[in-house]
Amino acid sequence: MPGLLHQKCKGPCQGLQSKEDYAQMIEQVRKFLRGKTDELSKELKRQMADLAARMEFEEAALVRDRLKALEQYRNNQKIVQGDFKDRDVFAIALEDQDACTVVFKIREGKIIGKQHFYLKQVGWKNDAEVLEEFLNQYYFSNQDRPQEIFVQTALESAPALESWLTRESGRRVHVVTPQRGEKHKLVQMAVKNARFLLDELQLQKMKKEQTVHFTVLALHRDLNLPKPPLIIECFDISNIQGSDAVASMVCFENGKPKKSEYRRFKINTKQTPDDFAMMREVIGRRYRRLLDEKKRLPDLIVVDGGKGQLSSAVQVLKQLGLEDQPVIGLAKRLEEVFVPGEKESRILPEKSSGLRLLQQIRDEAHRFAVTFHRKRRSKRTLHSTLDDIPGVGPTRRQKLLRMFGSVKNVAAASKHELMSKAGLPEKVAEAVKEFFEKNPL
């Protein structure tokens, strides 16, 4: 605001401006920077009136110009809270060891500024723990304390923080977690800002490292793998009571789907509900072929399921001479990770991007398997009895159903009717009659 912040120096160090006048000017600038524009406007009006009463019209005109500039600035600000309270709105986003905190400063109901802070090496703390530590540091070095502090998640230390801020600021300070309405929307806006800024930070980190996606590096660390799993293949079985059983395999390269490498499998050796046997079949078929074709093996194999599915995969891999092949099982119920040779499952940190990558791969394998299973089941359902008769293809089948209305009527029709109405050759008409004599409906 030029009229207030860019005043010409009156030379206080040369004795050309009184200490009182200089202190008043500095206090006005402080109020402006703290967003106390309503209070500042009232003060400028009083100052202008006092100067005019003392007939110091030139000085009064200068104050008038500052007041006009202030009012123009206030009119351009958007009101986000109708009660005009002073508030700070905090939100945090976490990803592995990094975090981003955003604060919206609301003064007299208007957002006067936004700040963000990147935090490193936050460990595996949750949102509330990191935010609690940040708030203590923030207000220890910041004397501008509002009436209310909005946070995205409830804090255990909220009562202690309120007590300390109330004592330090000399007025009651509340720490609030809005659950609905405009206040909740304001917090969610801050959350989105924090998430966006953290994603930008990690994108920059990834560009700097360039070769390996940060989610792959996180999975490498979380599972203690021998090398970053640049190529991951994941298997899923789909069947209903063993019917139309299929399996899918999806491939992710450097944290992204590589759909050209997706594979579907029709289960050949087992049609009863036995996911373990089905898993052994598809694992064997996939990696026997890769070995025969001398193609690269994946850096990590993921099977959808727990100990049983993992044991089935390990058994086949050993038979193929792949004892050192990294493989894990991912159970959906508790997102447990099973590792060969370990009795207990591992629970990866909830905020780990490595876990999120595993979930994404598992869900993609499941989607791909279910889509294939539905397609096969639908194709089988559409199969007609007429398709089993020699000489009756899709065109003749459609014509027979159109002319006779149903398979039952086709079976009841005479040889002459089949030839005259449906235009079947004599040999095909005889084949139809012979088929239904051997296979009555």
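Biologist: At what angle do helix α12 and helix α14 pack?
Modeller: Keep in mind that this is a predicted model. In it, α12 (residues 394–404) and α14 (residues 415–422) pack at an angle of about 105°, and their axes are 10 Å apart.

Biologist: Why do you give me both an angle and a distance?
Modeller: Because two packed helices are described by the angle between their axes and the distance between the axes.

Biologist: OK, so are α12 and α14 roughly parallel or roughly perpendicular to each other?
Modeller: Angles of 65 to 115 degrees count as roughly perpendicular, and α12 and α14 are therefore roughly perpendicular to each other.

Biologist: Which residues meet there?
Modeller: From α12 you have Lys399, Leu400, Met403 and Phe404, and they meet Glu417, Leu418, Lys421 and Ala422 of α14. By class, this contact has five nonpolar and three charged residues, with no polar ones.

Biologist: Nice. New topic: what order do the strands of the open sheet come in?
Modeller: The five strands run in the order β3-β2-β1-β4-β5, with mixed pairing. At the edges sit β3 (110–120) and β5 (174–176), each pairing on one side only. On average, neighbouring strands are turned by 20° against each other, ignoring direction.

Biologist: In what sense do β4 and β5 pair?
Modeller: Strand β4 (residues 148–150) pairs with β5 in the parallel sense, over three bridges. For instance, glutamate 148 has histidine 174 in β5 as its bridge partner.

Biologist: And which strands does helix α5 lie across?
Modeller: Helix α5 (residues 127–141) lies across β1 (87–95), β2 (98–107), β3 and β4, and α5 runs at about 135° to β1.

Notes:
Residues numbered from 1 in each chain as written. Predicted model: local features only at pLDDT ≥ 70, side-chain atom pairs only at ≥ 80, totals over all residues. Heavy atoms only, no water. Axes fitted to C-alpha atoms, helices over the stretch in contact; angles between N-to-C directions. Helix = DSSP H or I, 4+ residues; strand = E, 2+ residues; numbered from the N terminus. Parallel < 35°, antiparallel > 145°, perpendicular 65-115°, else oblique. Contact = heavy atoms within 4.5 Å. Nonpolar A, V, L, I, M, F, W, Y, C, P; charged D, E, K, R; others polar. Pairing = 2+ DSSP bridges.
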